[in-house]
Amino acid sequence: MMNTRKKLKRKFNLRDEIDAWVLLLPMVVILYLFVWRPTVMGAAWSFFDMKAYTVKDFCGFDNYIRVMTHTQFLPMLLNTVKYVLWSLVIGFLPPLFIAIMINEVIHFKNGFKVIIYVPAVIPGIAAMLMWYFMYYPDQTGLLNMILSKIGVEPKQWLNDPSFTIVGIIIYSTWKGFAGTMLLYYASLQSVSVELYEAAIIDGAGPLRRLGYVTRPAMEGIILLQLVRQIISVFQIMEQPLAMTGGGPNGASTSLSYQLYQYGFNSGGKGTGQAMALGVIIFLILIVFTIFYFWLNRKIEDRC
Amino acid sequence: MKRIDAKQTGMLARTDLKTAYGKTIYGIFLLILSVTALIAVVPAIWTILTAFKETQEIYAAFSFFPKNITWDKAVIRLVESWNSLQLGKSFVNTLVLSVGNLGFHVIVCGFGGYVLSKLKPRGTKLLFTLVVWTMMMPSQIRMVPNYISWLHFPFASDIGYGFNLLDTFWPMWLGAGADTFAVLLFKNAFDSLSNSYVEAAKLDGCTNYGVFFKIMLPLAMPVIIFQSINILSAAWSDFFTPLLVLDELTVVPLSVYRLKEDTSIQMNTYFMALVFASIPPFIIFAIFQKRILGGVNIGGVKG
């Protein structure tokens, strides 16, 4: 039964098959050359001795050992985890709350949307350098300028090892939150009005409606966003690169930034280690990735 | 208060807005949104204002607003900064880069998404699974191998032949095609178009290519426009790949990043560079504001 149905559905037609693969060709070639092959090669070459960008001899786990025994490896791993944790503490809930508020508000709704979206429009590098100057340790920086107006001593901001990661995360939240907010906003639109009305008839106040109508409808996307944020912040690299250079004293060096240093700033000595570190990051993140897909499937099946 | 009557029932309903409790919540929402909007724009406004300050003013006055600014002075600052920053060439280059990115993106990802959605040749399932998994792979693992494949395109080994793509736009152009997320976006867009278009056109004797170019592509225009906006904005922000690849040939984000090290550039002029770099994305935003904030229903990754 299954078989006949399948045969009816997919009649084999050579012409169609060829046309389809011709149209697919650019995608397959590009993904092969720039995604699949480099991924496999990266894993393979991580076991090889590299001389700058030339592959030399097989060297087993040497690259891995060198990466893991680097005196700064554990601090860097810890920094990366700190980035993730701070980004969850500072940046996870605001986009959701702002989306809910914009959804409820009737005054200046569009105005709020446009203005809050401004940080997302500024090119990343320009925004990072803007914040680099806002955090400037003397009074030319905006934050210290404001502090001096209320009579507080200027702070070191990004030069302060205990603040530097928080500072970068505050910037990233500022830059990224409008995009996430729009995502939440879009799925708020699909929460049915009837449910709210039914809740009103049952005598539920605004907070209860939020808890019993909005929350269940949004849970799925919130959870997905949580995993997505963990995965993306774990790979943070451009921000330390442009804003702190990994400093002060490595206090803002993430694993990915270290990978960049190995790969492109080590005079060609660290390219093997760069790929080994890439594999390590990959292995850490694969757990979250599998969880993400499992979750995604589960949520879609429910719909 | 006609607008209150138009309030869609959500967490707050029309009736709530007439009670003191509901009004308080609504007021708090407006307040929080206003503060958020302020936080969103103040850094940008500060950057613009600082760009128009005079050099001595930045290092002496430490005020938010420029003192005794006049229209003439502002124009002089603009012209002088533009001349000393010499960004003209970068702007032209970035334009070329963005147009190329756009072309590769639409051709590679659009074709791919279409085939995965409608033509479905043998092997589609496997390919689709690969594409979905690729989407979540951390790019770190292939950073160095990719660089090697740009050095020795396309074989990624120095066996004597291959092209050196460094200091050309090809790495970015080809990279714009390797966007699996966009493939899925296009696939979803084509999924939402009825199969009967394809069947009807084929009965009328249209070839597979004819169906794609004459019927499906025009129907998918909204997504293509949405993607084009994203690609154009991304091209004006992409700084990491150009940092690795470009040298003589430079683009705006890279120039802005390099100017940070240039001690002959004063702070106000540097801020003007940040402003200049942000102008093109803001023009795009101004034109397509509705579409960007409306978003596209991206959906999931179900097969």
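The model is a predicted one, in which local features need pLDDT of at least 70 and side-chain atom pairs count only at pLDDT 80 or more, while totals for chains, interfaces and linings use all residues. Residues are numbered from 1 along each chain as its sequence is written, and chains are lettered from A, with ligands numbered from 1, in the order in which they are written.

**Stop 1: where the chains meet.** Select chain A and chain B together; the contact takes 84 residues from chain A and 88 residues from chain B, two residues being in contact if their C-beta atoms, placed from the backbone, lie within 7 Å. On the side of chain A that touches chain B, the largest share, 20 residues, comes from helix H2 (residues 14-45) of chain A; helices here are DSSP runs (H or I, at least four residues), numbered from the N terminus. That side of chain A divides into 58 nonpolar, 17 polar and nine charged residues, where Ala, Val, Leu, Ile, Met, Phe, Trp, Tyr, Cys and Pro count as nonpolar, Asp, Glu, Lys and Arg as charged, and the others, Gly among them, as polar.

**Stop 2: a helix pair across the contact.** Axes are lines fitted to C-alpha atoms, for helices over the stretch in contact, and angles run from 0 to 180 degrees between N-to-C directions. To find the place where they touch, show A:Pro26, A:Ile30 and A:Phe34 in H2(A), which meet B:Leu174, B:Gly175 and B:Gly177 in H8(B).

**Stop 3: a kinked helix.** Move to helix H9 (residues 164-188) of chain A, and look for the kink of about 45° centred on A:Gly176, where the bend is the angle between axes fitted to the seven residues ending there and the seven starting there.

**Stop 4: a pair within chain A.** Finally, select helix H11 (residues 206-234) and helix H14 (residues 271-302) of chain A, whose axes come within 10 Å and cross at roughly 160°, so that H11(A) and H14(A) are roughly antiparallel to each other. Among the residues of H11(A) and H14(A) that meet are A:Leu223 and A:Phe234 in H11(A) and A:Phe288 and A:Ile299 in H14(A). The residues of this contact divide into twelve nonpolar, three polar and one charged.

Methods. Helix = DSSP H or I, 4+ residues; strand = E, 2+ residues; numbered from the N terminus. Parallel < 35°, antiparallel > 145°, perpendicular 65-115°, else oblique.
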